[in-house]
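This report covers a two-chain model.

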Amino acid sequence: MSERISVEIVTKVARLARLDLTPEEIDRTTAQLSGMLEHFADIDALQLDDVEPMAQPYPLDNVFRDDVIVDGLDRDEVLAAAPAAEDGRFRVPPIIGLDV
Amino acid sequence: MSDALEIAAAVRAGSLKAADVVEQHLAAIDGREPEIHAFNLVMVEQARERAAAIDAMVAAGNDPGPLAGVPVALKDNMCTRGVPTTCSSKILDGWKPPYDATIVTKLADAGAVVIGKTNLDEFAMGSSTENSAFGPTRNPHDTSRVPGGSSGGSAAAVAAGFASIGLGSDTGGSIRQPAALCGVVGVKPTYGYVSRYGLIAFASSLDQIGPLTNTVADSALMLDVIGGHDPMDSTSIPVAHPSLLDAIGEGVEGMRVGRITDLPEGADPDVLERTELAFDALREAGAKIVDVEVPAFTFGLTAYYLIAPAEASSNLARYDGVRYGLRVEAPDTNAMYGVTRAAGFGDEVKRRVMLGTYALSAGYYDAYYGKALKVRRLIHDEFERAYQHADVLLTPASPSVAFPFGAKGDNPLAMYLCDVYTIPANLSGHPGMSVPFGTGADGLPVGVQVLAGTLCEPQMFRAAAALERAAR
């Protein structure tokens, strides 16, 4: 688990995370993640083969509510908080059609 | 008068005006807020209007509720409809939520007066409130030191008399550690005790809302108001909670108080000494001290710093410049995401998003996130066994008293170690609280942590109340 983390891996992770990090940030993040992962190797010593993973602390099965119609959020109020809106929808830059 | 129980009783009886209570707290804010910076926003006009409405209710013979006229400071990661909610992040600067958090609705129904939104480490990631995009909060006991974090603004607001009660959120110690450093009571209830609807998510399986108060009784009062099932939060526990205010009168005669014999080292001598005195105090009050072992306690830090960033990297994906907050324009949507998030998030948030994305990415998932979930189970099960022998456990809340600004330097791990004693309860889901128990180095407050089993808040509060009586 204590595989060395590299600038290449960090660059790829930044792309997955949609974070445009500067080269300086990539270098710093590489060094800091490397230090953390070294510390986190402490759990490698534990025998965990028979341990069930625990994703959340209080065991609740699927939770349903009665199928009753309730008011949703006010559309104008929601769109007023958006960076850009048009015709009752969120407005974004082009998604396809650009040579990128 | 600053205790919520006293304020509410007097306002309900008509012997104290909610308007006067608000003015008293606004005057305290005028006096020291420029130096402390507990708030991102002081809601002067809204608080005055609300207080006037409460006084009118009382005058008309109606009861405003158990928090009548009590000034409450909300951590700025709790949604307030039409009122800016920033998470102390540039990416949400100026955003006005279109709905109220469930706790905000419950506070209103109970007659409370929201006096402002408090500062925090950006998206609640930190232990000093130094990571706020709007500047740090200072500790009212010594302004050259941090108030702890991430709920440092709420802790400082209560310690400085700006609010009678603060609400915070605790993902790895973010209520209990600042409470300890600011000398106030801070409670992280059982996971699912309080609805998280409208609490801006950091790590959803760990986050829990709780109070910061001057007294144990005020925390009980607040939890009695905000606790309970909420259809809007499917992880809120569907049971009725017994009154904690009723529980605290019962004392600790015969209670089994556990000492964790293999607790991780690293606490300062002054903190350890106060913790020992806390054991003595409970023994003198009639409790029995027993030894328990929680060998995996020490692995909590690693499990937490894999699980919490993993969940955060997923939760914070929603800040993409489309639906709310900051957008940095770019020629296409994908480019816009990258530049918006780079401009909007601070260093610590970026670091955790990176760590979490890495821990979840193909090829590393099993080695990191998957393994951390198993350690989480181990810790949970060991605590469950400990609670078969002990009703509550005592530990330090923080390894040290409040530290100076910049003391943790650029080493993220040094800051993460601040939460070594608080993190396990978030992983296991069990409740925990910090109770002020005298002073340590430089006359600064020390907090002792009381831990208890799932939904065993009544026992936890009984022990906390006994410690409070002993400390006085």
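## Terms and model

Buried means under 20% relative accessible area, exposed means over 50%, and partly exposed lies in between (1.4 Å probe, protein chains only). By that scale Glu276(B) is partly exposed, because its relative accessibility is 35%.

This is a predicted model: local features need pLDDT of at least 70, side-chain atom pairs count only at pLDDT 80 or more, and totals for chains, interfaces and linings use all residues. Residues are numbered from 1 along each chain as its sequence is written, chains are lettered from A and ligands numbered from 1 in the order in which they are written, and side-chain values use heavy atoms, with hydrogens and water left out.

## The interface

The size of an interface is often given as the accessible area lost when the parts come together. Between chain A and chain B, the buried area is about 5,400 Å². Buried area here is the accessible area (1.4 Å probe) that two parts lose on being put together, summed over both. Carbon and sulfur atoms give 70% of it. In residues, 55 of chain A are in contact with 70 of chain B. Contact means heavy atoms within 4.5 Å.

The interface holds 4 salt bridges. A salt bridge is a side-chain nitrogen of Lys or Arg within 4 Å of a carboxyl oxygen of Asp or Glu. Arg28(A) and Asp347(B) are joined by a salt bridge, with N to O at 3.6 Å. There are also 18 residue pairs in polar contact between chain A and chain B, both residues at pLDDT 80 or more. A polar contact is a pair of N or O atoms within 3.5 Å; within protein, one must be able to donate a hydrogen and the other to accept it, and residues adjacent in sequence count only if both atoms are side-chain atoms. On the side of chain A that touches chain B, helices H1 (7-16), H2 (23-40) and H3 (75-80) of chain A each supply at least two residues. H2(A) gives the most, with 10 residues. Helices (H or I, at least four residues) and strands (E, at least two) are DSSP runs, numbered from the N terminus. That side of chain A divides into 38 nonpolar, 5 polar and 12 charged residues. Ala, Val, Leu, Ile, Met, Phe, Trp, Tyr, Cys and Pro count as nonpolar, Asp, Glu, Lys and Arg as charged, and the others, Gly among them, as polar.

## Salt bridges

Over all chains, the whole structure has 23 salt bridges. Glu276(B) pairs with Arg259(B), the closest N and O atoms being 2.7 Å apart. This bridge links distant parts of the chain: Glu276(B) is in helix H9 (residues 269-284) of chain B and Arg259(B) in strand S7 (residues 256-260) of chain B, 17 residues apart. Arg259(B) counts as partly exposed, because its relative accessibility is 23%.

Two other bridges sit within single helices. Glu35(B) and Arg32(B) meet at 3.1 Å, N to O. Both lie in helix H2 (residues 18-36) of chain B, 3 residues apart, about one turn of the helix. Glu35(B) is partly exposed at 36%, and Arg32(B) is partly exposed at 30%. Arg351(B) and Glu348(B) meet at 2.5 Å, N to O. They lie in helix H12 (residues 347-360) of chain B, 3 residues apart, about one turn of the helix. Elsewhere, salt bridges that share partners join Glu23(B), Glu45(B) and Arg48(B) into one network.

## Aromatic rings

The count is 16 aromatic pairs over all chains. Rings of Phe, Tyr and Trp (its six-membered ring) pair if their centres lie within 6.5 Å; planes under 30 degrees apart count as stacked, over 60 as edge-to-face and the rest as tilted. Tyr99(B) and Tyr197(B) form a tilted pair, 5.1 Å centre to centre with 40 degrees between the planes. They are 98 residues apart. Tyr99(B) is partly exposed at 21%, and Tyr197(B) is partly exposed at 23%.

Tyr364(B) and Tyr368(B) are also tilted, at 6.5 Å and 35 degrees. Both are buried. Trp95(B), Phe123(B), Tyr319(B), Tyr324(B) and Phe345(B) form one aromatic cluster.

## Thr29(A)

Thr29(A) counts as buried, because its relative accessibility is 10%. Neighbours within four places in sequence aside, Thr29(A) is in contact with Val10(A), Leu21(A) and Met354(B). Thr11(A) is 18 residues away from Thr29(A) in sequence and 9.7 Å away in space, C-alpha to C-alpha.
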